[in-house]
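Student: I have a structure to study and would like to work through it by asking questions. Can we start with the terms and then go on to the details?

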Amino acid sequence: MAAENQDALAFPDLASRGLRGSVVAASDEFFAEKENLIKPGAAVFSPSTFGHKGQVYDGWETRRRRGPSGGLPAADEHDWVIVRLGAPGVVHAVVVDTAYFTGNFPQGCSVEACTVPGYPDLAALAAAPWMEIVPRSPLKGDTPHVFEVPAHSRFSHVRLKIYPDGGVARLRVHGEVVPDPALLEGLTFDLAALENGGDVRACSDRFYSSPRNAISPGLSRVMGEGWETRRRRSAGNEWLIVGFAVPAMVSLAEIDTSGYIGNSPGMAALRGHIGGPWEADSSWAPLLPKTSLLPDTPHRFRVRPSSAYDLVRLDVFPDGGVARLRLYGSPTPEGLAEVRRRWAETAP
């Protein structure tokens, strides 16, 4: 659940390719492909790198529109792109980033969203009821534009409109995942995973990479796709706290150090939250005792928790990198009822 007064940009990017978002269709992508919009990393630019259609841009860029007799297009003419979110969710902020588009950025943009179950094709999306979540707004070149969105129902797709044409480097859709109870009921699944409503609540250090990488979909291909801390030079250890969508029983833990060879933790431990302020040691119960880890290895451990948990804390000793943290289990009956309630209350 979203915390009150939480920074809207602190929510995960639901549109990101890293969360398995995808670009369904675009009105035009003559100069630069629509799929660039949802790349996880920041846009890059190399001057004087020309292809057969002109300067290569790391973004989505449409051709120039023309009005009657070669004049300017009408004020309401626009290009559009539709993105399927990697997980359904309540949107809190949209970022339209025109990085490196300086003489070819759109004059303005608007954003709409809809909820369509299953895997709709373009015709079904065209017929869907779309809600405007960002009204038409002016854009500047080479600038990340942040638009906060009042909480509405959950959405499955967003449509970016640009007026009248031009280039956008990245589209970010920050929001709270709302997992579908029909896909969770009766199953053991990764409780920590972003797509199942898990998220990072706190961590001690994020110097080299985001702690959210550790609970992202898929395997870590290189060490930069995991969570890595700086070298610790004082007593103590680094740690990461992951929250579940609802209270659940954990049955299997995976701590994967793949790709971390000279910089993996020496040991790790897991604890579950049993109530009270998470800063207090008395609020945690042992889940996995302090255990040695190997470099570049997925470690799997059967665990037998004493109760259901809503938070799990990973302690790494003393520091280092973890590619993925997986916590498999199932929600309690009360937790599953909460998932159903949240799904129903965010229905369009």
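This is a predicted model: local features need pLDDT of at least 70, side-chain atom pairs count only at pLDDT 80 or more; totals for chains, interfaces and linings use all residues.

Student: Which strand supplies the largest share of the lining of the largest pocket?
Tutor: The largest pocket has a volume of about 1,200 Å³. Of the 50 residues that line the pocket, the closest to its centre are Pro12, Asp13, Leu194, Asp199 and Arg212. Several elements supply at least two lining residues each, among them β5 (79-97), β13 (199-203) and α2 (333-345). The largest share, six residues, comes from β11.

Student: How many residues of that lining of the largest pocket are charged?
Tutor: Asp, Glu, Lys and Arg count as charged. The lining of the largest pocket has 25 nonpolar and eleven polar residues, and the charged ones number 14.

Student: Which strand gives the largest share of the lining of the second largest pocket?
Tutor: About 640 Å³ of space lies in the second largest pocket. Of its 26 lining residues, the closest to the centre are Arg84, Pro88, Tyr119, Asp180 and Leu183. By class, the lining has 15 nonpolar, six polar and five charged residues. The largest share, five residues, comes from β5.

Student: Which strand gives the largest share of the lining of the largest cavity?
Tutor: The count comes to one cavity of 30 Å³ or more, and the largest cavity has a volume of about 60 Å³. Its lining divides into nine nonpolar residues, one polar and no charged. Phe244, Ala245 and Val246 are among the residues that line the cavity. The largest share, three residues, comes from β15.

Student: Is Ile133 buried or exposed?
Tutor: Ile133 lies in strand β7, residues 131-138. Leaving out residues up to four places away in sequence, Ile133 touches Val91, Val94, Val111, Glu112, Ala113, Val149, His152 and Phe155. Buried means under 20% relative accessible area. Ile133 has 5% relative accessibility, so the residue counts as buried.

Student: How far apart are the C-alpha atoms of Ile133 and Val158?
Tutor: Along the chain, Ile133 and Val158 are 25 residues apart.

Student: Which residue in β9 is the bridge partner of Ala113?
Tutor: Strand β6 (residues 108-114) and β9 run antiparallel and are joined by seven bridges. The bridge partner of Ala113 in β9 is Val158.

Student: What is the radius of gyration of the protein?
Tutor: The secondary structure comes to two helices and 21 strands. The globule rule gives 20 Å for 348 residues, and the value for this protein is close to that, so the protein is as compact as a globular protein of that length. The radius of gyration is 22 Å.

Student: What percentage of the contacts between residues at least 6 apart in sequence join residues at least 24 apart?
Tutor: Contact means heavy atoms within 4.5 Å. Among contacts in the protein between residues at least 6 apart in sequence, the share that joins residues at least 24 apart is 78%.

Terms used. Residues are numbered from 1 along each chain as its sequence is written. Side-chain values use heavy atoms; hydrogens and water are left out. On a 1 Å grid over the protein atoms alone, a cavity is a set of points where a 1.4 Å probe fits but cannot get out, and a pocket is an open set with protein on both sides within 12 Å along at least five of seven lines; lining residues have an atom within 4 Å of a point. Grid points are joined across faces, edges and corners, and a volume is the space filled by probe spheres set on the points. Helices (H or I, at least four residues) and strands (E, at least two) are DSSP runs, numbered from the N terminus. Buried means under 20% relative accessible area, exposed over 50%, partly exposed in between (1.4 Å probe, protein chains only). Two strands pair if DSSP finds at least two bridges between them. The radius of gyration is taken over C-alpha atoms; the globule rule is 2.2 Å times the number of residues to the power 0.38.
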